[in-house]
Amino acid sequence: MDIGGWLRGLGLERYEQAFRENEIDLRVLTELTADDLKELGVAAIGHRRLLLKAIADLAAGAGPAAGEDVPAASPASAPAEAERRQLTVRFCDLVGSTPLSTRFDPEDLARLSVRTTAASPTPSAALAGLSPSVWATAC
């Protein structure tokens, strides 16, 4: 990992020269303390806090592993935008379905409930005029 690039990413590039002069690399970086940062010339408390937080994130694994070179992200490796998909959930309360659910695989139980609903001789008034496939999904 390039320490200079890391500092630039934090908006603290002014300290890059001090880090280079003191030979701070990733192996040493995770061991730095607030006092060490003061000795490096990081006088502003806010900058020390930012650096300590970023160092803690690296040590916790939020950043790259020790000694690992991380290439700049290319458009091809950038994460794709999330895709939204419609999901249909069916709830069907059949008498005795709980004991059946312990005996059958979920897919088999779903097929059984569809066949049972489609074989019903009289659809409810709310489903009157609709096809059996609609009954099966509306049970």
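The exercises below work through the fold, the nonpolar core and the salt bridges of this structure.

The model is predicted, so local features need pLDDT of at least 70 and side-chain atom pairs count only at pLDDT 80 or more, while totals for chains, interfaces and linings use all residues. Residues are numbered from 1 along each chain as its sequence is written, and side-chain values use heavy atoms, with hydrogens and water left out.

**Exercise 1. Overall fold**

State how many helices and strands the protein has, and what share of its residues is buried.

Step 1. Helices are DSSP runs of H or I with at least four residues, strands are runs of E with at least two, and both are numbered from the N terminus. The protein has 8 helices and 0 strands. Its pattern along the sequence is α-α-α-α-α-α-α-α.

Step 2. Buried means under 20% relative accessible area, exposed means over 50%, and partly exposed lies in between (1.4 Å probe, protein chains only). Of the 139 residues, 20% are buried.

Step 3. Accessible areas come from the Shrake-Rupley method with a 1.4 Å probe; for residues, only the protein chains shown count as cover. The protein exposes about 10300 Å², of which carbon and sulfur atoms supply 55%.

Step 4. A contact means heavy atoms within 4.5 Å. Among contacts between residues at least 6 apart in sequence, 40% join residues at least 24 apart.

**Exercise 2. The largest nonpolar core**

Find the size of the largest nonpolar core and the residues with the most contacts inside it.

Step 1. A nonpolar core is a set of buried Ala, Val, Leu, Ile, Met, Phe, Trp, Tyr and Cys residues joined through side-chain atoms within 4.5 Å. In soluble globular proteins, nonpolar side chains tend to be buried together.

Step 2. The largest such core holds 17 residues, and those with the most contacts inside it are Trp6, Leu7, Phe19, Leu29, Leu32, Leu37 and Leu51.

Step 3. Two or more residues come from each of α1 (3-10), α3 (26-29) and α5 (45-59). Helix α5 gives the most, with 4 residues.

Step 4. Take Leu51 as one case: leaving out residues up to four places away in sequence, Leu51 touches Trp6, Leu7, Leu10, Leu12, Leu37 and Val42.

**Exercise 3. Salt bridges**

Which partners does Arg8 have in salt bridges, and are Arg8 and Glu16 buried, partly exposed or exposed?

Step 1. A salt bridge is a side-chain nitrogen of Lys or Arg within 4 Å of a carboxyl oxygen of Asp or Glu. The whole structure has 7 salt bridges.

Step 2. Arg8 pairs with Asp2, the closest N and O atoms being 3.4 Å apart. Arg8 also pairs with Glu16 at 2.9 Å, N to O.

Step 3. Arg8 counts as partly exposed because its relative accessibility is 44%. Asp2 is partly exposed at 41%, whereas Glu16 is buried at 16%.

Step 4. Glu16 lies in helix α2 (residues 16-21). Not counting residues up to four places away in sequence, Glu16 touches Gly4, Leu7 and Arg8.
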